[in-house]
Each structure stands twice: as C-alpha cells, then as structure tokens.
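Please take a moment with the sequence and the three-dimensional model shown below.

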Amino acid sequence: MGTRHGVAVLGTALALVLALAGCDGDSPGRARTERETATAYVDALNARDADALAALARPGREGAREDARGIVTERGGQGLKVTGMDVTHEFGPDFADVAITATDGRGRDHRESLALERDGKTWYVPLGRKAGGTPKPSSGTSRSG
C-alpha cells in the first residue's frame, strides 16, 4: 500500500509541475489571444525589445531572433498608442490578420497589419522558419501610413 501511495503522490507532483510549467498538451506555452499577441507585439516595438518580440514566435523557429531584430530596428521606438484593433479570420480559424491603428509619439496616425497563426490555444507572430526550412521573404507584417 505504501508503494501505491508513493506512485499517487509522484503522479500528483508531476501533474503540478507540468501545470506550473504551462504544459496543457494543446500548445507549448500559455494560451494567448489574437489581441493579447498584437498588444505584446506593439509593446515590444515600443520598448525596442527584440527578445520580447522573438518570444511571440512559435518555439523552435530558426531565424526568429534575427527577424525580430530587423523589425525592431526598422519600426521600433515610435511610442505607439493603440487606438484600435480589428481582428479578422479570412483564411480559416488558425490564421488571423490584425489591423492595428495607433498614433505615434509625435501624434501622427499609424496603421499596421499583423498576420498571426494559431497553434492550440496560443497565437504567434510568424517569425523565422521551421527548423531546416527555407527563409521566408517577409516577417508577416506590413505597414502603411
């Protein structure tokens, strides 16, 4: 009976560790909505934080850090204040386009379209490429304005 109790305690402890680590079986990280992902994207741009932006990519993507650095270099530090976010799912439930409207630190209008992809319950910015894949020509984001 002591062995069964020990196995039960070990199983409970393992389940607790997995829950605390965010392993829910559906996705490698915690659940994140389209809007939460887009907000984190803008926050990373404003902070010029390439590591925070790279963390929004699917885990294990080659070149995600380099893509993030390029985006932050090109568009970071503008002091964007989001005035609107419109989420659409034109290509199915696992792909989203987020139309972000904002004003920059100088009060100028800013518009950006951010493509997202979902894996399980988490939305990701499509940075980098699958391990062993060929480089993508675009980071999955575009800007107008």
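Predicted model: local features only at pLDDT ≥ 70, side-chain atom pairs only at ≥ 80, totals over all residues.

With which residue does Asp104 form a salt bridge? The partner is Arg108, and the closest N and O atoms of the two are 2.9 Å apart, where a salt bridge is a side-chain nitrogen of Lys or Arg within 4 Å of a carboxyl oxygen of Asp or Glu. Residues are numbered from 1 along each chain as its sequence is written, and side-chain values use heavy atoms, with hydrogens and water left out.

Asp104 is found in the loop between E2 and E3, helices (H or I, at least four residues) and strands (E, at least two) being DSSP runs numbered from the N terminus. Asp104 counts as buried because its relative accessibility is 8%, whereas Arg108, at 47%, counts as partly exposed; buried means under 20% relative accessible area, exposed over 50%, and partly exposed in between, with a 1.4 Å probe and protein chains only. Leaving out residues up to four places away in sequence, Asp104 touches Gln78, Gly79 and Leu80, a contact being heavy atoms within 4.5 Å.

Side chains of opposite charge can pair when their charged atoms come close. In the whole structure, a search finds seven salt bridges. One of them joins the side chains of Asp119 and Arg58 at 3.7 Å, N to O. This pair links distant parts of the chain, for Asp119 is in strand E3 (residues 109-119) and Arg58 is in the loop between helix H3 (50-54) and helix H4 (64-75), 61 residues apart. Asp119 is partly exposed, with a relative accessible area of 29%, and Arg58 is likewise partly exposed, at 24%. Another salt bridge brings together the side chains of Glu112 and Arg75 at 2.8 Å, N to O. Here too distant parts of the chain are linked, with Glu112 in strand E3 and Arg75 in helix H4, 37 residues apart. Both partners are buried, Glu112 with a relative accessible area of 5% and Arg75 with one of 6%.

In H4, the residues Ala64, Ala68, Ile71, Val72 and Arg75 are buried. They cover an arc of only 95° around the axis, so they lie on the same side of H4, the arc being that of the directions from the helix axis to the C-beta atoms. On the other side of H4, Thr73 and Glu74 are exposed. H4 is followed by Gly77, which has a positive phi near 70°.

What lies in the interior? In soluble globular proteins, nonpolar side chains tend to be buried together. The largest nonpolar core has 25 residues, and those with the most contacts inside it are Tyr41, Leu53, Ile100, Leu114 and Leu127; such a core is a set of buried Ala, Val, Leu, Ile, Met, Phe, Trp, Tyr and Cys residues joined through side-chain atoms within 4.5 Å. Helix H2 (34-47), H3, H4, strand E2 (95-103) and E3 each supply at least two residues of this core, and the largest share, five residues, comes from H2. Apart from its neighbours within four places in sequence, Leu53 is in contact with Tyr41, Ala44, Ala68, Ile71, Val72 and Leu127.

Helix H2 also holds Glu36, which counts as partly exposed because its relative accessibility is 38%. Although Glu36 and Trp123 are 87 residues apart in sequence, their C-alpha atoms are 8.6 Å apart in space.

Finally, the chain can be viewed as a whole. The protein chain has four helices and five strands, and from the N terminus on, its elements run α-α-α-α-β-β-β-β-β. Buried residues make up 30% of its 145 residues. Of the contacts in the protein chain with a separation of 6 or more, 59% are between residues 24 or more positions apart.
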